[in-house]
Amino acid sequence: FEAAGGGGYDTHGGHQVTTARNFDNMLQALLGVFNAPGETDPRKLNFDDTLVIINTEFGRTPQADFGDSRNHWPRAYATAFIGGPIKPGQKGVYGAIGPDGEAIKAVEPAECRAAALLALGIYPFSAEAFATSDVRGTTGETDAVAAVLENCFGWEA
């Protein structure tokens, strides 16, 4: 559905209902191209070997700015990793957003992108890619890889 306020996601007023509806429609369509548990349709994808990443480049302000408008909010947003390297024993939520809309515990965007590269079998810390300093609290490549895998995919080092 066209989002309230003029189409697309980047509308600032009255878009919450249509955006939520479109998100639900997107998830329903996505599930339609994947095999359900026990299903083996060769024309469909499998969650065992396909990683789905749902990501945006920003969230929305926790409170309306004026009227029902919400502006861009880079201080906290959600990213979902589904399938692929995520195993049933590792599923869950990492991080939190407080009542003020600020991330309390978070994964940085660079860490999410490094995780996606690792899932593709691409080493993310080569000279032309990410620096290990893009992964908070790490001192070298081994620490950075372990932190990304743990924080984004739930893998324990």
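The model is predicted, with local features needing pLDDT of at least 70 and side-chain atom pairs pLDDT 80 or more, while totals for chains, interfaces and linings use all residues. Residues are numbered from 1 along each chain as its sequence is written, and side-chain values use heavy atoms, leaving out hydrogens and water.

**Aromatic pairs**
- The structure holds four aromatic pairs (ring centres of Phe, Tyr or Trp, the latter by its six-membered ring, within 6.5 Å; planes under 30 degrees apart are stacked, over 60 edge-to-face, the rest tilted).
- Phe-81 and Phe-153 pair edge-to-face, at 5.3 Å centre to centre and 85° between the planes.
- Phe-81 is in strand 4 (residues 80-83) and Phe-153 in helix 3, so this pair ties together parts 72 residues apart in sequence (DSSP runs numbered from the N terminus: helices H or I, at least four residues; strands E, at least two).
- Phe-153 and Trp-155 form a tilted pair, with 6.3 Å between centres and 50° between planes.
- Phe-153 has 2% relative accessibility, whereas Trp-155 is partly exposed at 33%.

**Cysteines**
- There are zero disulfides in the structure (cysteine sulfur atoms within 2.5 Å).
- For Cys-112, the nearest cysteine sulfur is that of Cys-152, 4.5 Å away.
- Cys-112 is buried, with a relative accessible area of 13%, and Cys-152 is buried at 9%.

Methods: Buried means under 20% relative accessible area, exposed over 50%, partly exposed in between (1.4 Å probe, protein chains only).
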